Amino acid sequence: MATADQRSAANDVWLPIPPDEIEGLPGGLHYVHWDAGPDYPADPERCVFYTVPYMKDTAVSLRPLSRMSRVRVVQTLTAGVDNMLPGLERMPSGAQLCNARGLHDASTAELALTLILAALRDIPGFVRGQDAGEWREGFQPALADKSVLIVGYGSIGSAIEDRLTPFECARVARVARTARDTVRGPVHPLSDLSALLPDADVVVLATPLTETTRGLVGTDFLARMKDGALLVNIARGQIVDTKALLAELDSGRLRAALDVTDPEPLPPEHPLWHAPGVLITPHVGGPSSAFLPRAKRLLRDQLTLFAAGEPLRNVVTTAD
């Protein structure tokens with residue numbers, strides 16, 4: 001007769017965080033640590049719950065899936081799952097792909113606000129002045145009394161508005177895939193974007209990358225933005241047509257603060273680096289000290305549900 005350890009070993013859970021660092025993991029499962037290293041920690045065929053390594057190359061993250069014939073759950077540690085969608089065809093029928101909705105709300109919303117304030121008050125210009133030993137005085141716009149449009153009003157979009165509230169904005173408009181009401185006011189459908197863009201001083205992109213949103217911010221979208229407006233992208237680079245954005249930046253009509261770009265990473269010779277009025281951070285919305293405790297909590301909660309045979313949270317899609 002098989003021992004309890006042998007039975008649990010047939011139900012492997014792959015974690016990118018060492019299991020002994022996550023308190024409260026449920027019993028009855030066999031936990032192994034893999035963070036995209038060259039060697040697998042166990043036979044992938046025994047894996048039933050695969051946590052995708054965070055911020056690792058997509059090809060590496062997808063590699064073990066073709067051998068995970070018993071996997072029931074693929075759990076990302078990102079809000080977006082576009083990088084894992086190519087792996088759906090490798091997953092057995094009925095396996096669920098779950099995202100990390102809520103995990104990055106605090107960190108990403110914090111960066112969004114940082115980018116808005118830094119770009120409006122020209123912090124990059126002051127840093128360059130400091131590097132040159134120059135006292136650069138000047139009059140800069142404030143966030144107070146500005147109109148902000150949030151495109152993508154999921155948990156991250158809502159968290160961004162949480163942080164905008166104390167800054168005395170004139171108004172905050174919200175756009176999502178479908179219209180709905182919230183305690184703060186209406187969320188408009190994507191079809192209302194054209195009417196909302198001309199009023200916005202700051203446009204924040206927080207929408208997932210889908211076939212609908214890929215290239216959403218193109219020539220027409222940018223042309224609808226008011227002169228001097230600021231585009232902030234903390235979503236995915238492919239949502240913005242880089243060539244169209246460069247044309248607006250080079251003309252001086254718009255400004256941008258980008259945590260994500262297309263292409264990404266941005267090559268050293270790419271003109272976006274040196275375009276006027278642009279602030280670029282290297283996709284650092286999620287990686288912060290806020291990540292690890294929230295990732296551990298998410299994994300513990302999901303695995304507790306999984307071990308109990310209860311429905312998981314954040315299910316994005318199920319393999320055919």
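In the model, strands β1 and β2 run parallel and are joined by four bridges, where strands (E, at least two residues) and helices (H or I, at least four residues) are DSSP runs numbered from the N terminus, and two strands are taken to pair if DSSP finds at least two bridges between them. The model is a predicted one, in which local features need pLDDT of at least 70 and side-chain atom pairs count only at pLDDT 80 or more, whereas totals for chains, interfaces and linings use all residues. Residues are numbered from 1 along each chain as its sequence is written, and side-chain values use heavy atoms, with hydrogens and water left out.

Strand β3 (residues 47-51) has five of its five residues buried, so it is largely enclosed by the rest of the structure; buried means under 20% relative accessible area, exposed over 50%, and partly exposed in between, for a 1.4 Å probe and protein chains only. Strand β1 (residues 12-15) pairs with β3 in the parallel sense over three bridges, and valine 13 stands opposite phenylalanine 49 in β3. Strand β4 (residues 73-75) likewise pairs with β3 in the parallel sense over three bridges, with tyrosine 50 standing opposite valine 74 in β4. In a regular strand the side chains alternate between the two faces of the sheet.

A search of the whole structure finds seven aromatic pairs, the rings of Phe, Tyr and Trp (its six-membered ring) being paired if their centres lie within 6.5 Å, with planes under 30 degrees apart counted as stacked, over 60 as edge-to-face and the rest as tilted. One of these is the edge-to-face pair of phenylalanine 49 and phenylalanine 306, at 5.4 Å centre to centre and with 70° between the planes. Because phenylalanine 49 lies in strand β3 and phenylalanine 306 in helix α9, the pair ties together parts that are 257 residues apart in sequence. Phenylalanine 49 itself counts as buried, at 0% relative accessibility. Tyrosine 54 and phenylalanine 291 form a stacked pair, at 4.2 Å centre to centre and with 10° between the planes. This pair links distant parts of the chain, with tyrosine 54 in the loop between β3 and α2 (58-62) and phenylalanine 291 in helix α9, 237 residues apart. Both tyrosine 54 and phenylalanine 291 are buried. Ring pairs also link Trp14, Trp34, Tyr40 and Tyr50 into a cluster.

A further open sheet, of eight strands, has the order β8-β9-β7-β6-β10-β11-β12-β13, again with mixed pairing. Its edges are formed by β8 (180-182) and β13 (278-280), each with a single partner strand, so one side of each is left without a neighbour in the sheet. Neighbouring strands of this sheet are turned by 20° against each other on average, direction ignored. Strands β7 (residues 171-176) and β9 (residues 185-189) run parallel and are joined by three bridges, with arginine 174 opposite valine 187 in β9. Helix α3 packs on the sheet, touching β10 (202-205), β11 (230-233), β12 (255-258) and β13, and its direction makes about 150° with that of β11; contact here means heavy atoms within 4.5 Å. Helix α8 (residues 242-251) also packs on the sheet, touching β11, β12 and β13, with its direction at about 130° to that of β12.

Serine 107 is placed in helix α3 (residues 105-120) and is buried, with a relative accessible area of 8%. Its side chain makes a polar contact with the side chain of serine 288 at 2.8 Å and reaches the backbone oxygen of glycine 286 at 3.4 Å; a polar contact is a pair of N or O atoms within 3.5 Å, of which, within protein, one must be able to donate a hydrogen and the other to accept it, residues adjacent in sequence counting only if both atoms are side-chain atoms. Leaving aside neighbours within four places in sequence, serine 107 is in contact with Gly285, Gly286, Ser288 and Ala290.

Key:
Axes fitted to C-alpha atoms, helices over the stretch in contact; angles between N-to-C directions.
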